[in-house]
Amino acid sequence: QVCGRLGCNWPLVMAGLFKGFTPADISGQNQPKSSQQRGIRSSIVEAYPRIEEALDTIWPKKAPVIVAKCTDHRTLLVIDGEVLFFQIWDNPWAPTLKLLHKYPSMLPKFQADRGAVKFVLNGANVMCPGLTHADAALEDVEAGRVVALHAAGKEHAMAVGFTVMSTAEIKEKNKGIGVDNWHFLGDGLFKLGPLS
């Protein structure tokens, strides 16, 4: 168990949250009030200040917005028909890989070593040794942050994860899970088309 935004009682079984995801996992959709939309926008800007200048392009003021509730405490933010952000429990909104590929600098970058790639692309969490190897590189972040997981030598992220430990702890301990793998290339969320 890890203590973080969710307190100390949430289980550490959060790998590949969208691995078998399909549109059937969406249990309900609603259009949030404008005050709710402003709250979501401000929480996104607070979590990802690097994207503030581009947010009006990503989320135009008059674009239709839908919040889609899904099974297993997952929520999708659909803007103008496209799923652009997702949320797990009450964690910060996280960008989808499709959005992250358009704005790659919005998240801190964690580069895993080559040996971790096939596991990450199968939905596995990222172990500390995969992040401290010679091929690996980490931006300095605290525990409980959303990060972009990259493969060594690749331009675009292969996954969006959530740090279980800070960068310093990952380097110091060098064992156990360093990053929960929430969303990866080829999972159900990545394959999900536009929603209406």
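**Close-up 1. K61 and D56 form a salt bridge in this predicted model.** The closest N and O atoms of K61 and D56 are 4.0 Å apart. K61 has a relative accessible area of 62%, so K61 counts as exposed. D56 is partly exposed because its relative accessibility is 44%. Side chains of opposite charge can pair when their charged atoms come close.

**Close-up 2. D56 also pairs with R41 in a salt bridge.** Here the closest N and O atoms lie 2.7 Å apart. This pair links distant parts of the chain, with R41 in helix 1 (residues 34–47) and D56 in helix 2 (residues 55–58). The two residues are 15 residues apart. R41 has a relative accessible area of 13%, so R41 is buried. Together, R41, D56 and K61 are linked in a network of salt bridges.

**Close-up 3. R50 and E139 meet through their side chains in a salt bridge.** The N to O distance is 2.8 Å. R50 sits in the loop between helix 1 and helix 2. E139 sits in the loop between strand 8 (137–138) and strand 9 (146–151). The pair links distant parts of the chain, R50 and E139 being 89 residues apart. R50 is partly exposed because its relative accessible area is 45%. E139, with a relative accessible area of 30%, is therefore partly exposed as well. The structure holds four salt bridges, among them the pair R50 and E139.

**Close-up 4. Four acidic residues gather in a patch of negative charge on the surface.** The members of this patch are D140, E142, E169 and E172. E169 belongs to helix 6, which covers residues 167–173. The relative accessibility of E169 is 31%, so E169 counts as partly exposed.

Close-up 5. A disulfide is a covalent bond between the sulfur atoms of two cysteines. The cut-off behind both labels is a relative accessible area under 20%.

How values were computed
Residues numbered from 1 in each chain as written. Predicted model: local features only at pLDDT ≥ 70, side-chain atom pairs only at ≥ 80, totals over all residues. Heavy atoms only, no water. Patch = residues over 30% accessible without salt bridge, like charges linked within 9 Å, V, L, I, M, F, W, Y side chains within 5 Å. Areas by Shrake-Rupley, 256 points an atom, 1.4 Å probe, with all protein chains shown as cover. Charge placed at Lys NZ, Arg CZ, Asp CG, Glu CD. Helix = DSSP H or I, 4+ residues; strand = E, 2+ residues; numbered from the N terminus. Buried < 20%, exposed > 50% of the residue type's maximum accessible area, 1.4 Å probe, protein only.
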